[in-house]
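Please work through the exercises below with the model open beside you, trying each task before you read its solution.

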Amino acid sequence: MTRAEAKERNRRALLDAAFQVVARDGYRARLDEIADRAGLTTGAVYSLFGSKNGLVVALVADYLRPYYEEIEQAVPAGLDLLEAVDAFARYYRRSCDAPDALSGLSLQITLLDMALHDPDLGSRLATSVRAQESHLVTLFTGRSHHGSVVTSQQAQRLTTALRALFVGLSQGVPLGLAPGADEQYFADVARALASLIDHDADGS
């Protein structure tokens, strides 16, 4: 195994261990337990991620990366804005039934708690999430909508609104707080939200 391969193996082991420990313990998660689960030392954490917060930020990026890659596949080019939003909404609803949906929800809630306890971490997490969301902005920008083309500013405003909508709905589904919220419901409310772009034609 090359040095680069060993480094990536250690990085992967620490991220996998951090997912388990952070989801369970939140801001009380201990680096020594994470390192022990990964079969490494705390020195490896500092070497690869710089700090506990650096590890948590990397964990979020690692968790979100495949999610956004799958969205790009679920929402092909050539669709107009409402068709793209519909496809995105249906993908998001299906993800609520995925085998790891509950562990993902637990991680989201735990990270929010951690951010509230550590403003520096909260700021770094927000920066990481915004960077990932830029993929959605790009995905919606330039699509046709009622004879015009969606601007990047409009796509940004729409992405922010869709994130707020779907985070709330996806938390409600496993808790039984969103009865009848099937794929069609997700698609309908997302389309209704996207239609508001008609009243924001200049992106202001």
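The exercises go from the overall fold to one helix, then to a pocket and a ring pair.

This is a predicted model, in which local features need pLDDT of at least 70 and side-chain atom pairs count only at pLDDT 80 or more, while totals for chains, interfaces and linings use all residues. Residues are numbered from 1 along each chain as its sequence is written, and side-chain values use heavy atoms, with hydrogens and water left out.

**Exercise 1.** State how many helices and strands the protein has, and in what order they run.

Solution. From the N terminus on, their order is α-α-α-α-α-α-α-β-β-α-α.

**Exercise 2.** Describe the length, bend and N-terminal cap of α4.

Solution. Begin with the span: the 23 residues of α4 (52-74) reach 34 Å from first C-alpha to last, close to the expected 33 Å, which is 1.5 Å times one less than the number of residues. Next, a kink of about 25° lies at leucine 64, shortly before proline 66, the bend being the angle between axes fitted to the seven residues ending there and the seven starting there. Finally, serine 51 caps the N-terminal end, with a side-chain oxygen 3.4 Å from the backbone nitrogen of asparagine 53.

**Exercise 3.** Which helix gives the most to the lining of the largest pocket, and what classes of residue make up that lining?

Solution. Helix α6 gives the most, with ten residues. By class, the lining has 29 nonpolar, eight polar (Gly among them by definition) and eight charged (Asp, Glu, Lys and Arg) residues.

**Exercise 4.** Classify the ring pair of phenylalanine 88 and tyrosine 92.

Solution. Both residues lie in helix α5, four residues apart, about one turn of the helix.

Note on methods:
Helix = DSSP H or I, 4+ residues; strand = E, 2+ residues; numbered from the N terminus. Polar contact = N/O pair within 3.5 Å; in protein donor to acceptor, adjacent residues only side chain to side chain. Phe/Tyr/Trp six-rings, centres within 6.5 Å; stacked < 30°, edge-to-face > 60°.
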